[in-house]
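User: I would like to learn how to read the sheets, the packing and the chain contact in a model like this one. Please show me the general idea each time, then the case here.

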Protein chains: 2
Amino acid sequence: MSAYAKRRRKVRDWLQANGVDAILVTSAANVRYLSGFGGEGMVVIGTDAVLCTDRRYEIEAGAVPGRVKVQLHPGGHLGGVIEALNSTKAKRVAFEAESTLYSSYENLTARLDGIETVPVRGVIEQLRAVKDRTEVDAIRRAAAIMDKSLQQMASCLEPGMTEREVALDLDRATILAGSEGMAFDTIAAFGPSAAHPHAVPGARKLKLGHMVKIDCGARVDGYCSDITRTYIVGTPGDQLRQIYQAVFDAQWAACEAAKPGMNCRDLDAVARDIITQRGFGEQFGHGLGHGVGLQVHELPRVSSRSEDVLKPGMVVTIEPGIYIEGFGGVRIEDTVVITRSGCEPLTLAPKQQLDP
Amino acid sequence: MSAYAKRRRKVRDWLQANGVDAILVTSAANVRYLSGFGGEGMVVIGTDAVLCTDRRYEIEAGAVPGRVKVQLHPGGHLGGVIEALNSTKAKRVAFEAESTLYSSYENLTARLDGIETVPVRGVIEQLRAVKDRTEVDAIRRAAAIMDKSLQQMASCLEPGMTEREVALDLDRATILAGSEGMAFDTIAAFGPSAAHPHAVPGARKLKLGHMVKIDCGARVDGYCSDITRTYIVGTPGDQLRQIYQAVFDAQWAACEAAKPGMNCRDLDAVARDIITQRGFGEQFGHGLGHGVGLQVHELPRVSSRSEDVLKPGMVVTIEPGIYIEGFGGVRIEDTVVITRSGCEPLTLAPKQQLDP
């Protein structure tokens, strides 16, 4: 049984347990997860699995690894869905409330023939939190491509380069090395710009003594990688040394601690406690990490308020940071996979180590 | 009165004419149109105009040119919307059905206090079809940046380059020249790849005799430009000469014909008739063009089935093409603004002219 068929079997188990006959999947990541199709379309899982898309994707849809029926309907994706559902004996159909537009819901209810619709949330997202071997392998390959171009960029950093140039050159090298695109907009932030966790690369020029925060990810077979490194160009001042070492130590400790059965909020606390002890607790204003897969942010949540528990096969980021307005910031991030006994890093680009 | 205030006045006229007290705007382009805010958020237009966003955008939201009230709510964008609406005397509130998720609709109906919700479609999109001077100016500036980097790229094309390299280098030059990003994924397609209207740049290498189809656009102040040029590297064969000249003539004739009061389907016919006369009618499988603005595809529709009529201030593309599977394709596209008496091209990069 293929990985896709196994995933669909789990969805059918859910259908049966919840008294619905089919589910309409509208989230692009969930469509890909259940069918292998990477274009625009929707999937219906009931007795059959039907991919509803349009003629632009005729060739791609016919060859998807997930072996689904393909419906190319002149009335659009939803037209295909309605025909597929009306031709079955389904009486109750679930749909993804968090990725279905209200206008699609209106069309569905107007045109479905005696079928009740039931909004649901997070059904497929829960399944996606634990990855199978093929998925981990795709993330590993994405991480390897990114590691190489990031390391190459780190060796070229020199005063006078702009943030925008660094980000564009990194993207170019990563895509030419085989990434399907970037997993998200690359962040390259120098000195004071690095104080903003999600800084947009601008015209700022690199100066000696600046920190260079780069957050980037590649994409392979639809799967994302996610890595952050902070490099120091020239000799760091005392404050920068302090915050860099605090983040480095917190990140290392959390990677050492992560293991199956652990509450995600406890993992967050491992890193947060170290940063708080060094006096920067208030400057670490975001959660420790997040799941990574077909989306760059997915389950599990890794934060101080998370209720999630780590399981083997989960892929998460571990990315503490310290941000000081007007001065700058440091973040170090790895993507790791939870193993049977601990975790294994998938991102391997070297981290700068400060001289003692 | 600012451009934003004028737009909101038109929205309030619509509210009054339709018996609703406020409208919830969830489409990112419509939010920007009514407030000037380019981040993630929602806008409520009633007696007041309220922008509901989150702390990430605190600085940007406080400084938007559209001078709106800003609501940063711990319960997210929709939390801000609900508080804003519950604190007014609104009894009936419209929301954008085509950009509001079903889950947001559920939250709204559960938490709005005695307020009826009314799904609506296309209200703001209709207003956006006719541009004011500031908007045309932004598109003109985006087009000028793109013209320059495209022309530079055209002068560097040589055998051995890959489609992916051409696309990446073009993007890089355009962004470094001041574009906020690309308006859409750049298409660079060589030879047989050019047969696909929306080809994705790949590893194909440029050869002598290939056509090079490049479709690209820059972005300035949120506004898109859109241009396609097809260049021939080396000496074209007879078939390529024929289709290039047919597209060139059709595109020129449509640019000459476009004027206010004209039905968009008649403009489509000007180009389509020429291509059909040359024997390639079946190979021109898409509409002649589309409106361009805050989105790269917006109103009016310019196709053989369009019911829209050209008005001064509309900005549309004129982009006939001929696509022959296994051989290749040619498309030539300009973005033009409809004037009082005709149209003016905003994209000015030179088109290759074949020797007679």
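User: Which residue stands opposite Ala188(B)?

Analyst: Strands of a sheet pair through backbone hydrogen bonds, either parallel or antiparallel. Strands and helices here are DSSP runs, numbered from the N terminus (strands E, at least two residues; helices H or I, at least four), and two strands pair if DSSP finds at least two bridges between them. In this case Ala188(B) faces Ile214(B) of β8(B). The strands β7(B) and β8(B), the latter residues 211-216, are antiparallel and share 4 bridges. The model is predicted: local features need pLDDT of at least 70 and side-chain atom pairs count only at pLDDT 80 or more, while totals for chains, interfaces and linings use all residues. Residues are numbered from 1 along each chain as its sequence is written, and chains are lettered from A and ligands numbered from 1 in the order in which they are written.

User: In what order do the strands of that sheet in chain B lie?

Analyst: The order is β7-β8-β11, an open sheet of 3 strands with antiparallel pairing. Angles are taken between N-to-C directions, from 0 to 180 degrees, with axes fitted as lines to C-alpha atoms, for helices over the stretch in contact. Neighbouring strands of this sheet are turned by 10° on average, direction ignored. Helix α7 (residues 133-156) of chain B packs on the sheet, touching β8 and β11 of chain B, at about 15° to β11(B). Contact is a distance criterion: C-beta atoms, placed from the backbone, within 7 Å.

User: How many bridges join β5 to β6 in chain B?

Analyst: There are 5, between β5 (residues 92-96) and β6 (residues 116-120) of chain B, and these strands run parallel. Within this pair, Arg92(B) is opposite Glu116(B). The chain passes from β5(B) to β6(B) through helix α5 (residues 102-111) of chain B, a right-handed β-α-β crossover. Right-handed means that, with the strands pointing away from the viewer, the path from the first strand over the helix to the second runs clockwise.

User: Which strands stand at the edges of the open sheet of 6 strands in chain A?

Analyst: The order in chain A is β4-β3-β2-β1-β5-β6, with mixed pairing. The edges are β4 (69-72) and β6 (116-120) of chain A; each has a single partner strand, so one side of each lacks a neighbour in the sheet. The twist averages 25° from one strand to the next. β3 (residues 49-53) of chain A runs parallel to β4(A) over 4 bridges, and Cys52(A) has Gln71(A) as its bridge partner. Helix α4 (residues 76-86) of chain A lies across β1, β2, β3, β4 and β5 of chain A, at about 150° to β3(A).

User: How many residues of chain A are in contact with chain B?

Analyst: 19 residues of chain A contact 18 residues of chain B. On the chain A side, α5 (102-111) and α8 (163-176) are the elements that give two or more residues, and the largest share, 6 residues, comes from α8(A).

User: What is the radius of gyration of chain A?

Analyst: This radius is taken over C-alpha atoms, and the globule rule is 2.2 Å times the number of residues to the power 0.38. For chain A it is 23 Å, close to the 21 Å that the rule gives for 356 residues, so the chain is as compact as a globular protein of that length. The C-alpha trace of chain A spans about 70 × 40 × 35 Å along its principal axes.

Conventions: Contact = placed C-beta atoms within 7 Å.
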